[in-house]
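My entries follow in the order in which I looked.

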Amino acid sequence: MKKIIIANWKMNPGTLIEAKELFDSLKEISREFRETEIIICAPFVWLENFSSQGGLKRGLSLGGQNCHWESHGAFTGEISASMLADLKAGYVIIGHSERRQYLGENDLIINAKIKAALKAKIKPIVCVGERQNEEMHLVVEDQIRSALNGIPAAQLKEIVIAYEPVWAIGPGDPCSPDNALSANLFIKKVLTKLYNRAGAEKTAIVYGGSVDRKNAADYLSRSQMAGLLIGGASLDAQEFGEIIKSVGNI
Ligand code: PEP
């Protein structure tokens, strides 16, 4: 499996000019590291700009940060998975903790969005993780069961699960590589229970939460993660480049 490095820009940077500059730098970086799949999850409004004029190369993909569960209709302000596919997005983040917290996303909605993404042939990056003082095993198993409800084993290879302990996101403390390893093995165990071992092995599990150039490699080697989901550090081309370099040979 190719390593997957996902940049979640959230609602950043401020302008198209800055966004284009950042995208161009990340595109340069991706040229050097073809063994790594770099996925830029930028605000919707810039995706077309990035994908036009040959912006996408092998090893560099675009992703959305959300999609609606219906393909079209009276949902003011929303964007469907098929619209994202039209913009050449290959991935979409679903169930990020910020959307669960501020936009009322619940497990039912997340499940419907995952199904919509798969139907539109976009790979969902499904975020799971416990909040401060919550028990990881209980929360993560519950979130995975609900998220994958009704999804057949054959589609597991199209799904990325991002383990993002909510307390580690942003300026939080990063999760220790040993704890991330426990979460990784636990997620595989849940997938094996829900499906089978082969299905669990085919699902890419990545880590997200305060990743930087110093800790990135540990999550791939010690925690055996298939990749990383990076927020803050993906807005700094130099830091992001150092992260990619540090995991390049793992
Ligand atoms: C995120 O919000 O998905 C994330 C991983 O953020 P950060 O890297 O800033 O912790």
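**Entry 1: the core.** Before looking I wrote down what I was looking for: a nonpolar core is a set of buried Ala, Val, Leu, Ile, Met, Phe, Trp, Tyr and Cys residues joined through side-chain atoms within 4.5 Å. Buried here means under 20% relative accessible area. I also noted that the model is predicted.

Which residues of the largest nonpolar core touch the most other members? I found Trp 9, Ile 40, Ile 144, Ile 187, Tyr 207 and Leu 228, in a core of 65 residues. I then looked up which helix gives the most to this core, and it is H7, residues 177–194, with six residues. Apart from this core lies another one, of 14 residues, and I noted Ile 6, Tyr 91, Ile 125 and Leu 229 among them. A general remark belongs beside this entry: in soluble globular proteins, nonpolar side chains tend to be buried together.

Leaving aside its neighbours within four places in sequence, Ile 187 is in contact with Val 128, Val 140, Ile 144, Ile 161, Tyr 163 and Ile 205.

**Entry 2: H1 and H10.** How do helix H1 and helix H10 pack? H1 covers residues 16–32 and H10 covers residues 237–248; I read an angle of about 20° and a distance of 10 Å between their axes. Angles under 35 degrees count as roughly parallel, so H1 is roughly parallel to H10. The crossing in which H1 passes H10 is right-handed.

I listed the residues that meet. From H1 they are Leu 22, Ser 25, Leu 26 and Ile 29, and from H10 they are Ala 237, Phe 240, Gly 241 and Ile 244. I sorted the residues of this contact of H1 with H10 into six nonpolar, two polar and no charged.

**Entry 3: H5 and H6.** I took a second pair of helices, H5 (residues 107–119) and H6 (residues 136–147). Their axes are 8 Å apart, and the angle is about 45°. That makes H5 oblique to H6.

Which residues of H5 meet H6? They are Asp 107, Ile 110, Asn 111 and Ile 114, and on the H6 side I found Gln 143, Ser 146 and Ala 147. The contact of H5 with H6 divides into three nonpolar residues, three polar and one charged.

**Entry 4: the backbone.** I checked the backbone next. Asn 12 and Pro 13 are joined by a cis peptide bond, with omega about -15°. Pro 13 is in the loop between strand E1 (3–8) and H1.

Lys 121 has a phi near 65°, which is positive in a residue other than glycine. I found Lys 121 in the loop between H5 and strand E5 (123–128). Is Lys 121 buried or exposed? Its relative accessibility is 73%, so Lys 121 counts as exposed.

Ser 210 also went into the list: it is not a glycine, yet its phi is positive, about 55°. Ser 210 sits in the loop between strand E7 (204–208) and helix H9 (216–221).

Entry 5: I looked up Ser 97 and found it in helix H4, residues 97–102. Ser 97 counts as buried because its relative accessibility is 10%.

Glu 239 came next, in helix H10. With a relative accessible area of 13%, Glu 239 is buried. What is Glu 239 in contact with, leaving aside its neighbours within four places in sequence? I wrote down Asp 212, Arg 213 and Ala 233.

Met 1 is exposed, as its relative accessible area is 70%. Not counting residues up to four places away in sequence, Met 1 touches Glu 201, Lys 202, Thr 203, Ala 204 and Ala 226. I also took one distance: the C-alpha atoms of Met 1 and Glu 37 are separated by 9.9 Å, and these residues are 36 residues apart along the chain.

Key:
Residues numbered from 1 in each chain as written. Predicted model: local features only at pLDDT ≥ 70, side-chain atom pairs only at ≥ 80, totals over all residues. Heavy atoms only, no water. Buried < 20%, exposed > 50% of the residue type's maximum accessible area, 1.4 Å probe, protein only. Helix = DSSP H or I, 4+ residues; strand = E, 2+ residues; numbered from the N terminus. Contact = heavy atoms within 4.5 Å. Axes fitted to C-alpha atoms, helices over the stretch in contact; angles between N-to-C directions. Parallel < 35°, antiparallel > 145°, perpendicular 65-115°, else oblique. Left-handed = near helix turned anticlockwise from the far one by under 90°. Nonpolar A, V, L, I, M, F, W, Y, C, P; charged D, E, K, R; others polar.
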